[in-house]
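Here is a short report on one protein model. Please keep the sequence and the structure in view while reading.

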Amino acid sequence: MSQQELKRDLANRHVQLIAIGGTIGTGLFLGSGKAIQLAGPSVIFAYLIVGIALFFMMRALGELLLSKEGYESFTDIAEDYLGPRAAFITGWTYWFCWIMTAMADVIAVGVYVQYWFDIPQWVPAIVCLLLLLGLNLLTVKLFGELEFWFALIKVITILALIVIGVVLLVMGYQTDAGTVSINNLWDHGGLFPNGMTGFLLSFQMVVFAFVGVELVGVAAAETSDPRKNIPSAINKIPLRILFFYVGALIVLLCINPWTELNAAESPFVKTFSLIGIPLAAGIINFVVLTSAASACNSGLFSTSRILFTLSKSEQAPRSFKKLTKNAVPGNALWVSAVVVSVGALLSKLIPEQAFGIVTTISAICFIWVWSVILISHIKYRKSRSDLHKKSTFKAPFAPFVNYVVLALFGIILIVLLVAEATRPALLLTPIWFVLLYFLYAYKKSPK
(Lines give C-alpha, C1' and ligand atoms only; values in the text may rest on other atoms or scores of the structure.)
Protein backbone atom coordinates (compact mmCIF):
# COMPACT_ATOMS: atom_id res chain seq x y z
CA MET A 1 0.00 0.00 0.00
CA SER A 2 2.87 2.39 0.71
CA GLN A 3 3.80 2.30 -2.96
CA GLN A 4 0.28 3.37 -3.96
CA GLU A 5 -0.07 6.45 -1.77
CA LEU A 6 1.31 9.93 -2.37
CA LYS A 7 3.50 11.32 0.42
CA ARG A 8 2.23 14.21 2.54
CA ASP A 9 5.54 16.05 2.32
CA LEU A 10 4.34 19.58 1.54
CA ALA A 11 4.73 21.86 4.55
CA ASN A 12 2.60 24.93 5.28
CA ARG A 13 5.11 27.32 3.66
CA HIS A 14 5.05 25.18 0.49
CA VAL A 15 1.24 25.24 0.32
CA GLN A 16 1.15 29.00 0.98
CA LEU A 17 3.67 29.73 -1.78
CA ILE A 18 2.01 27.26 -4.19
CA ALA A 19 -1.18 29.25 -3.60
CA ILE A 20 0.67 32.53 -4.28
CA GLY A 21 2.45 31.08 -7.32
CA GLY A 22 -0.91 29.88 -8.60
CA THR A 23 -2.23 33.43 -8.61
CA ILE A 24 0.82 35.12 -10.17
CA GLY A 25 2.03 33.97 -13.57
CA THR A 26 2.60 34.72 -17.23
CA GLY A 27 -0.97 36.01 -17.48
CA LEU A 28 -0.05 38.90 -15.17
CA PHE A 29 3.53 39.58 -16.26
CA LEU A 30 2.82 39.38 -20.00
CA GLY A 31 -0.92 39.02 -20.55
CA SER A 32 -1.80 42.16 -18.60
CA GLY A 33 -0.34 44.19 -21.48
CA LYS A 34 -3.01 42.88 -23.84
CA ALA A 35 -5.75 43.28 -21.22
CA ILE A 36 -4.72 46.92 -20.57
CA GLN A 37 -4.71 47.64 -24.31
CA LEU A 38 -8.30 46.35 -24.56
CA ALA A 39 -9.82 47.83 -21.41
CA GLY A 40 -7.59 50.69 -20.28
CA PRO A 41 -7.70 51.39 -16.51
CA SER A 42 -11.02 49.49 -16.20
CA VAL A 43 -8.93 46.29 -16.41
CA ILE A 44 -8.45 46.78 -12.63
CA PHE A 45 -12.17 46.09 -12.13
CA ALA A 46 -11.99 43.01 -14.41
CA TYR A 47 -9.20 41.52 -12.27
CA LEU A 48 -11.13 42.37 -9.11
CA ILE A 49 -14.39 40.78 -10.35
CA VAL A 50 -12.77 37.54 -11.53
CA GLY A 51 -10.60 37.40 -8.40
CA ILE A 52 -13.60 37.69 -6.05
CA ALA A 53 -15.52 35.07 -8.06
CA LEU A 54 -12.61 32.64 -7.83
CA PHE A 55 -12.26 33.22 -4.09
CA PHE A 56 -15.84 31.98 -3.63
CA MET A 57 -15.08 29.03 -5.93
CA MET A 58 -12.03 28.21 -3.81
CA ARG A 59 -14.06 28.40 -0.58
CA ALA A 60 -16.46 25.87 -2.10
CA LEU A 61 -13.51 23.66 -3.08
CA GLY A 62 -12.02 23.97 0.42
CA GLU A 63 -15.24 22.89 2.11
CA LEU A 64 -15.56 19.92 -0.25
CA LEU A 65 -11.93 18.81 0.17
CA LEU A 66 -12.22 18.82 3.95
CA SER A 67 -15.64 17.16 4.04
CA LYS A 68 -14.25 13.67 3.49
CA GLU A 69 -10.95 11.94 4.19
CA GLY A 70 -9.28 10.52 1.10
CA TYR A 71 -10.09 13.20 -1.47
CA GLU A 72 -6.98 13.61 -3.63
CA SER A 73 -8.38 16.13 -6.11
CA PHE A 74 -11.64 17.59 -7.33
CA THR A 75 -12.11 14.66 -9.75
CA ASP A 76 -12.88 12.54 -6.67
CA ILE A 77 -15.41 15.19 -5.63
CA ALA A 78 -16.97 15.27 -9.12
CA GLU A 79 -17.36 11.48 -9.07
CA ASP A 80 -19.14 11.58 -5.71
CA TYR A 81 -21.60 14.32 -6.62
CA LEU A 82 -21.88 14.37 -10.43
CA GLY A 83 -21.06 10.77 -11.35
CA PRO A 84 -18.19 8.89 -13.00
CA ARG A 85 -18.73 10.41 -16.47
CA ALA A 86 -18.36 13.94 -15.10
CA ALA A 87 -15.25 12.86 -13.16
CA PHE A 88 -13.75 11.30 -16.30
CA ILE A 89 -14.40 14.42 -18.42
CA THR A 90 -13.27 16.83 -15.68
CA GLY A 91 -10.12 14.87 -14.85
CA TRP A 92 -8.95 14.64 -18.45
CA THR A 93 -10.00 18.25 -19.12
CA TYR A 94 -7.93 19.47 -16.18
CA TRP A 95 -4.98 17.51 -17.52
CA PHE A 96 -5.57 19.11 -20.93
CA CYS A 97 -5.82 22.62 -19.33
CA TRP A 98 -2.41 22.33 -17.75
CA ILE A 99 -0.87 20.68 -20.80
CA MET A 100 -1.93 23.67 -22.91
CA THR A 101 -0.73 26.14 -20.27
CA ALA A 102 2.59 24.35 -19.81
CA MET A 103 3.08 24.28 -23.59
CA ALA A 104 2.70 28.07 -23.71
CA ASP A 105 5.11 28.53 -20.83
CA VAL A 106 7.82 26.17 -22.05
CA ILE A 107 7.72 28.00 -25.40
CA ALA A 108 8.05 31.28 -23.48
CA VAL A 109 11.15 29.97 -21.69
CA GLY A 110 12.81 29.48 -25.09
CA VAL A 111 11.90 33.02 -26.16
CA TYR A 112 13.20 34.61 -22.94
CA VAL A 113 16.55 32.79 -23.05
CA GLN A 114 17.10 34.17 -26.55
CA TYR A 115 17.32 37.61 -24.92
CA TRP A 116 20.80 36.62 -23.70
CA PHE A 117 21.87 33.78 -26.02
CA ASP A 118 21.50 33.43 -29.78
CA ILE A 119 20.39 29.78 -29.85
CA PRO A 120 17.34 28.04 -31.38
CA GLN A 121 14.21 28.57 -29.32
CA TRP A 122 13.46 24.88 -28.86
CA VAL A 123 16.83 24.14 -27.17
CA PRO A 124 16.26 26.03 -23.88
CA ALA A 125 12.60 24.91 -23.95
CA ILE A 126 13.60 21.24 -23.97
CA VAL A 127 16.45 21.77 -21.48
CA CYS A 128 14.07 23.50 -19.05
CA LEU A 129 11.48 20.73 -19.45
CA LEU A 130 14.03 17.97 -18.83
CA LEU A 131 15.43 19.80 -15.81
CA LEU A 132 11.98 20.27 -14.26
CA LEU A 133 11.08 16.65 -15.05
CA GLY A 134 14.24 15.41 -13.31
CA LEU A 135 13.58 17.52 -10.23
CA ASN A 136 9.90 16.47 -10.05
CA LEU A 137 10.92 12.80 -10.27
CA LEU A 138 12.99 13.14 -7.08
CA THR A 139 10.48 14.09 -4.36
CA VAL A 140 7.29 16.10 -3.94
CA LYS A 141 9.13 18.13 -1.31
CA LEU A 142 11.54 19.29 -4.01
CA PHE A 143 8.57 20.44 -6.11
CA GLY A 144 7.44 22.44 -3.08
CA GLU A 145 10.91 23.97 -2.69
CA LEU A 146 11.05 24.92 -6.38
CA GLU A 147 7.65 26.63 -6.20
CA PHE A 148 8.63 28.33 -2.94
CA TRP A 149 11.62 30.06 -4.55
CA PHE A 150 9.92 30.68 -7.91
CA ALA A 151 6.99 32.35 -6.13
CA LEU A 152 9.32 34.33 -3.87
CA ILE A 153 11.02 35.91 -6.90
CA LYS A 154 7.61 37.00 -8.25
CA VAL A 155 6.54 38.37 -4.87
CA ILE A 156 9.75 40.39 -4.42
CA THR A 157 9.41 41.85 -7.94
CA ILE A 158 5.82 43.02 -7.42
CA LEU A 159 6.61 44.28 -3.93
CA ALA A 160 9.54 46.30 -5.34
CA LEU A 161 7.29 47.73 -8.07
CA ILE A 162 4.63 48.82 -5.55
CA VAL A 163 7.11 50.35 -3.08
CA ILE A 164 8.99 52.21 -5.83
CA GLY A 165 5.70 53.31 -7.40
CA VAL A 166 4.38 54.76 -4.12
CA VAL A 167 7.66 56.68 -3.60
CA LEU A 168 7.47 58.07 -7.16
CA LEU A 169 3.83 59.07 -6.61
CA VAL A 170 4.74 61.04 -3.48
CA MET A 171 7.65 62.68 -5.32
CA GLY A 172 5.60 63.50 -8.43
CA TYR A 173 8.47 61.96 -10.42
CA GLN A 174 8.88 62.92 -14.08
CA THR A 175 9.38 60.13 -16.66
CA ASP A 176 9.55 60.22 -20.46
CA ALA A 177 5.81 59.46 -20.42
CA GLY A 178 4.98 62.39 -18.11
CA THR A 179 4.37 62.90 -14.38
CA VAL A 180 3.79 59.90 -12.14
CA SER A 181 0.31 60.64 -10.83
CA ILE A 182 -2.93 58.93 -9.83
CA ASN A 183 -4.57 61.22 -12.41
CA ASN A 184 -3.12 58.95 -15.11
CA LEU A 185 -5.91 56.49 -14.22
CA TRP A 186 -8.60 58.77 -15.68
CA ASP A 187 -6.88 61.58 -17.62
CA HIS A 188 -6.56 59.55 -20.84
CA GLY A 189 -10.15 58.83 -21.82
CA GLY A 190 -11.52 58.02 -18.37
CA LEU A 191 -11.61 54.72 -16.49
CA PHE A 192 -13.47 53.04 -19.39
CA PRO A 193 -11.78 54.59 -22.46
CA ASN A 194 -12.88 51.75 -24.77
CA GLY A 195 -16.35 51.46 -23.24
CA MET A 196 -17.97 48.28 -21.98
CA THR A 197 -16.87 46.43 -25.11
CA GLY A 198 -13.17 46.81 -24.32
CA PHE A 199 -13.83 46.04 -20.66
CA LEU A 200 -15.60 42.76 -21.47
CA LEU A 201 -13.04 41.73 -24.10
CA SER A 202 -10.28 41.90 -21.48
CA PHE A 203 -11.84 39.05 -19.47
CA GLN A 204 -10.23 36.29 -21.58
CA MET A 205 -6.70 37.28 -20.57
CA VAL A 206 -7.83 38.12 -17.04
CA VAL A 207 -9.26 34.61 -16.61
CA PHE A 208 -6.02 33.14 -17.98
CA ALA A 209 -4.07 35.24 -15.45
CA PHE A 210 -5.83 33.37 -12.61
CA VAL A 211 -5.22 29.91 -14.08
CA GLY A 212 -3.72 27.75 -11.34
CA VAL A 213 -5.55 29.32 -8.40
CA GLU A 214 -7.10 25.89 -7.73
CA LEU A 215 -3.68 24.19 -7.62
CA VAL A 216 -3.78 24.18 -3.83
CA GLY A 217 -6.64 21.70 -4.25
CA VAL A 218 -4.49 19.37 -6.35
CA ALA A 219 -1.76 19.57 -3.71
CA ALA A 220 -4.23 18.60 -0.96
CA ALA A 221 -3.21 14.95 -1.04
CA GLU A 222 0.40 15.84 -0.36
CA THR A 223 0.12 18.47 2.35
CA SER A 224 1.12 17.41 5.85
CA ASP A 225 -1.85 19.05 7.61
CA PRO A 226 -4.69 19.75 5.14
CA ARG A 227 -7.22 20.84 7.80
CA LYS A 228 -4.92 23.68 8.80
CA ASN A 229 -3.02 24.49 5.61
CA ILE A 230 -5.81 24.48 3.02
CA PRO A 231 -8.12 26.97 4.84
CA SER A 232 -5.13 29.19 5.59
CA ALA A 233 -4.06 29.28 1.92
CA ILE A 234 -7.60 29.87 0.61
CA ASN A 235 -8.49 32.61 3.09
CA LYS A 236 -5.47 34.66 2.05
CA ILE A 237 -6.52 34.72 -1.64
CA PRO A 238 -8.46 38.06 -1.38
CA LEU A 239 -5.42 39.86 0.09
CA ARG A 240 -3.22 38.40 -2.64
CA ILE A 241 -5.63 39.55 -5.34
CA LEU A 242 -5.78 43.08 -3.88
CA PHE A 243 -2.01 43.27 -3.50
CA PHE A 244 -0.53 41.39 -6.46
CA TYR A 245 -3.14 42.27 -9.10
CA VAL A 246 -5.12 45.36 -8.15
CA GLY A 247 -2.23 47.04 -6.28
CA ALA A 248 0.37 46.25 -8.94
CA LEU A 249 -1.89 47.38 -11.81
CA ILE A 250 -2.83 50.66 -10.08
CA VAL A 251 0.87 51.45 -9.62
CA LEU A 252 1.67 50.46 -13.23
CA LEU A 253 -1.07 52.71 -14.58
CA CYS A 254 -0.08 55.64 -12.34
CA ILE A 255 3.49 55.47 -13.67
CA ASN A 256 2.48 54.73 -17.28
CA PRO A 257 -0.60 56.24 -18.92
CA TRP A 258 -2.39 53.18 -20.35
CA THR A 259 -1.94 54.62 -23.84
CA GLU A 260 1.84 54.13 -23.49
CA LEU A 261 1.51 50.36 -23.00
CA ASN A 262 0.91 47.74 -25.69
CA ALA A 263 0.19 44.05 -25.95
CA ALA A 264 3.57 43.21 -27.48
CA GLU A 265 5.61 43.89 -24.34
CA SER A 266 5.40 43.31 -20.62
CA PRO A 267 4.10 46.39 -18.80
CA PHE A 268 6.49 45.47 -15.98
CA VAL A 269 9.54 45.74 -18.27
CA LYS A 270 8.24 49.05 -19.62
CA THR A 271 7.70 50.44 -16.12
CA PHE A 272 11.10 49.48 -14.71
CA SER A 273 12.72 50.94 -17.84
CA LEU A 274 10.79 54.22 -17.48
CA ILE A 275 11.83 54.77 -13.88
CA GLY A 276 15.50 54.44 -14.78
CA ILE A 277 16.54 51.26 -13.00
CA PRO A 278 19.81 50.01 -14.59
CA LEU A 279 19.52 46.71 -16.45
CA ALA A 280 15.74 46.83 -15.86
CA ALA A 281 14.89 44.88 -19.01
CA GLY A 282 17.36 42.14 -18.13
CA ILE A 283 16.14 41.90 -14.53
CA ILE A 284 12.48 41.64 -15.51
CA ASN A 285 13.33 39.23 -18.32
CA PHE A 286 14.84 36.96 -15.64
CA VAL A 287 11.71 37.33 -13.49
CA VAL A 288 9.41 36.50 -16.41
CA LEU A 289 11.67 33.54 -17.28
CA THR A 290 11.35 32.15 -13.74
CA SER A 291 7.59 32.83 -13.86
CA ALA A 292 7.27 30.76 -17.04
CA ALA A 293 9.45 28.00 -15.54
CA SER A 294 7.26 28.09 -12.41
CA ALA A 295 4.08 27.69 -14.47
CA CYS A 296 5.64 24.81 -16.39
CA ASN A 297 6.73 23.24 -13.09
CA SER A 298 3.16 23.56 -11.76
CA GLY A 299 1.91 22.06 -15.02
CA LEU A 300 4.08 18.96 -14.69
CA PHE A 301 3.04 18.54 -11.05
CA SER A 302 -0.70 18.91 -11.63
CA THR A 303 -0.90 16.87 -14.86
CA SER A 304 1.00 13.95 -13.31
CA ARG A 305 -1.23 13.98 -10.20
CA ILE A 306 -4.38 14.11 -12.30
CA LEU A 307 -3.21 11.09 -14.35
CA PHE A 308 -2.38 9.29 -11.08
CA THR A 309 -5.87 9.98 -9.69
CA LEU A 310 -7.56 8.99 -12.96
CA SER A 311 -5.59 5.76 -13.01
CA LYS A 312 -6.54 4.93 -9.41
CA SER A 313 -10.20 5.30 -10.36
CA GLU A 314 -9.63 3.17 -13.50
CA GLN A 315 -10.22 6.10 -15.87
CA ALA A 316 -6.67 6.07 -17.25
CA PRO A 317 -4.10 3.31 -17.96
CA ARG A 318 -3.01 1.42 -14.84
CA SER A 319 0.65 2.28 -15.39
CA PHE A 320 -0.05 5.91 -14.41
CA LYS A 321 -0.73 4.96 -10.78
CA LYS A 322 2.67 3.33 -10.37
CA LEU A 323 4.83 5.30 -7.95
CA THR A 324 8.61 5.48 -7.86
CA LYS A 325 10.58 4.68 -4.70
CA ASN A 326 10.31 8.40 -3.91
CA ALA A 327 6.49 8.12 -3.96
CA VAL A 328 5.97 10.25 -7.07
CA PRO A 329 3.98 9.10 -10.15
CA GLY A 330 6.95 8.61 -12.50
CA ASN A 331 5.13 7.23 -15.56
CA ALA A 332 2.53 10.00 -15.40
CA LEU A 333 5.29 12.61 -15.16
CA TRP A 334 7.11 11.22 -18.21
CA VAL A 335 3.96 11.10 -20.37
CA SER A 336 2.95 14.66 -19.41
CA ALA A 337 6.46 15.95 -20.17
CA VAL A 338 6.48 14.30 -23.61
CA VAL A 339 3.12 15.85 -24.52
CA VAL A 340 4.21 19.30 -23.25
CA SER A 341 7.28 19.09 -25.49
CA VAL A 342 4.90 19.28 -28.48
CA GLY A 343 4.63 22.98 -27.60
CA ALA A 344 8.00 23.58 -29.23
CA LEU A 345 6.58 22.18 -32.49
CA LEU A 346 3.49 24.40 -32.22
CA SER A 347 5.62 27.52 -31.87
CA LYS A 348 7.38 26.62 -35.09
CA LEU A 349 4.18 25.84 -37.06
CA ILE A 350 1.97 28.76 -35.94
CA PRO A 351 4.24 31.24 -34.10
CA GLU A 352 1.89 34.24 -34.34
CA GLN A 353 -1.34 32.51 -33.31
CA ALA A 354 -0.06 29.80 -30.94
CA PHE A 355 -0.09 31.78 -27.68
CA GLY A 356 -3.55 33.31 -28.23
CA ILE A 357 -5.16 30.01 -29.23
CA VAL A 358 -3.53 28.05 -26.40
CA THR A 359 -4.42 30.61 -23.70
CA THR A 360 -8.04 30.90 -24.87
CA ILE A 361 -8.55 27.12 -24.92
CA SER A 362 -6.89 26.90 -21.51
CA ALA A 363 -9.19 29.60 -20.08
CA ILE A 364 -12.31 27.88 -21.46
CA CYS A 365 -11.30 24.50 -20.03
CA PHE A 366 -10.49 26.03 -16.64
CA ILE A 367 -13.95 27.63 -16.61
CA TRP A 368 -15.33 24.08 -17.04
CA VAL A 369 -13.28 22.79 -14.10
CA TRP A 370 -14.21 25.73 -11.84
CA SER A 371 -17.89 25.30 -12.79
CA VAL A 372 -17.78 21.60 -11.91
CA ILE A 373 -16.44 22.53 -8.45
CA LEU A 374 -19.29 25.02 -7.91
CA ILE A 375 -21.98 22.60 -9.15
CA SER A 376 -20.53 19.79 -7.00
CA HIS A 377 -20.77 22.09 -3.99
CA ILE A 378 -24.43 22.84 -4.75
CA LYS A 379 -25.12 19.08 -4.94
CA TYR A 380 -23.12 18.47 -1.74
CA ARG A 381 -25.24 20.98 0.20
CA LYS A 382 -28.44 19.36 -1.06
CA SER A 383 -27.51 15.69 -0.67
CA ARG A 384 -25.09 15.77 2.29
CA SER A 385 -26.52 18.34 4.67
CA ASP A 386 -25.09 16.25 7.53
CA LEU A 387 -21.53 16.88 6.29
CA HIS A 388 -22.28 20.55 5.67
CA LYS A 389 -23.54 21.03 9.25
CA LYS A 390 -20.36 19.46 10.65
CA SER A 391 -18.07 21.51 8.38
CA THR A 392 -15.61 23.83 10.10
CA PHE A 393 -14.85 25.63 6.82
CA LYS A 394 -18.23 26.50 5.31
CA ALA A 395 -18.35 28.39 2.00
CA PRO A 396 -19.96 31.81 2.60
CA PHE A 397 -23.20 32.90 0.88
CA ALA A 398 -23.67 29.47 -0.71
CA PRO A 399 -25.46 28.31 -2.75
CA PHE A 400 -26.59 31.78 -3.96
CA VAL A 401 -23.04 32.93 -4.73
CA ASN A 402 -22.38 29.68 -6.64
CA TYR A 403 -25.12 30.60 -9.11
CA VAL A 404 -23.82 34.18 -9.41
CA VAL A 405 -20.30 32.97 -10.25
CA LEU A 406 -21.66 30.40 -12.74
CA ALA A 407 -23.63 33.21 -14.43
CA LEU A 408 -20.41 35.28 -14.67
CA PHE A 409 -18.65 32.33 -16.33
CA GLY A 410 -21.53 32.10 -18.81
CA ILE A 411 -21.21 35.80 -19.68
CA ILE A 412 -17.44 35.39 -20.23
CA LEU A 413 -18.04 32.47 -22.62
CA ILE A 414 -20.53 34.59 -24.58
CA VAL A 415 -17.92 37.37 -24.83
CA LEU A 416 -15.35 34.84 -26.12
CA LEU A 417 -17.85 33.73 -28.75
CA VAL A 418 -18.61 37.29 -29.88
CA ALA A 419 -14.96 38.42 -30.00
CA GLU A 420 -13.36 37.68 -33.35
CA ALA A 421 -9.93 36.92 -31.85
CA THR A 422 -11.20 34.26 -29.43
CA ARG A 423 -14.12 32.80 -31.43
CA PRO A 424 -12.07 30.13 -33.31
CA ALA A 425 -10.65 28.69 -30.07
CA LEU A 426 -14.09 28.69 -28.42
CA LEU A 427 -15.59 26.83 -31.39
CA LEU A 428 -12.71 24.31 -31.43
CA THR A 429 -12.84 23.50 -27.71
CA PRO A 430 -16.16 21.53 -27.75
CA ILE A 431 -14.42 18.94 -29.97
CA TRP A 432 -12.38 17.96 -26.90
CA PHE A 433 -15.51 17.44 -24.77
CA VAL A 434 -17.28 15.45 -27.50
CA LEU A 435 -14.19 13.25 -27.85
CA LEU A 436 -14.12 12.57 -24.10
CA TYR A 437 -17.87 11.83 -24.05
CA PHE A 438 -17.49 9.13 -26.69
CA LEU A 439 -14.27 7.78 -25.16
CA TYR A 440 -16.10 7.27 -21.88
CA ALA A 441 -19.01 5.58 -23.68
CA TYR A 442 -16.56 3.28 -25.49
CA LYS A 443 -14.71 2.51 -22.26
CA LYS A 444 -17.98 1.49 -20.53
CA SER A 445 -19.44 -0.46 -23.45
CA PRO A 446 -19.42 -4.29 -23.22
CA LYS A 447 -16.40 -5.77 -24.99
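## A proline between two helices

Pro 120 counts as partly exposed, at 44% relative accessibility. The model is a predicted one. Pro 120 sits in the loop between H6 and H7. Its C-alpha lies 7.9 Å from that of Gly 110, and the two residues are 10 apart in sequence.

## The helices on either side

Helix H6 covers residues 84-113, which makes 30 residues. From first C-alpha to last, H6 reaches 43 Å, close to the 44 Å expected at 1.5 Å a residue. Of its 30 residues, 27 are buried, so H6 is largely enclosed by the rest of the structure.

Helix H7 runs over residues 122-138 and has 17 residues. H7 reaches 25 Å between its first and last C-alpha, close to the expected 24 Å. The buried residues of H7 include Pro 124, Ala 125, Cys 128 and Leu 129. Leu 132, Leu 133, Asn 136 and Leu 137 are also buried there.

How many disulfides does the structure hold? The count is 0. Take Cys 97: the closest cysteine sulfur to its own is in Cys 365, at 4.5 Å, too far for a bond. A disulfide would need the two sulfur atoms within 2.5 Å. Seen from Cys 365, the closest cysteine sulfur is that of Cys 97. Cys 97 is buried, at 0% relative accessible area. Cys 365 is buried too, with a value of 0%.

## Aromatic pairs

The whole structure contains 19 aromatic pairs. In one of them, the ring centres of Trp 368 and Phe 433 are 4.7 Å apart and the planes meet at 40°, so the pair is tilted. Trp 368 belongs to helix H18 (residues 354-383) and Phe 433 to helix H21 (residues 423-444), so the pair ties together parts that are 65 residues apart in sequence. Trp 368 is partly exposed at 32% relative accessible area, whereas Phe 433 is buried at 17%.

Trp 370 and Phe 409 form a tilted pair, 6.0 Å centre to centre with 35° between the planes. Trp 370 lies in H18 and Phe 409 in helix H20 (residues 400-418), so this pair ties together parts 39 residues apart in sequence. Both Trp 370 and Phe 409 are buried. Ring pairs also join them with Tyr 94, Trp 98 and Phe 366 in a cluster.

Technical notes. Residues numbered from 1 in each chain as written. Predicted model: local features only at pLDDT ≥ 70, side-chain atom pairs only at ≥ 80, totals over all residues. Heavy atoms only, no water. Buried < 20%, exposed > 50% of the residue type's maximum accessible area, 1.4 Å probe, protein only. Helix = DSSP H or I, 4+ residues; strand = E, 2+ residues; numbered from the N terminus. Expected span 1.5 Å × (residues − 1). Phe/Tyr/Trp six-rings, centres within 6.5 Å; stacked < 30°, edge-to-face > 60°.
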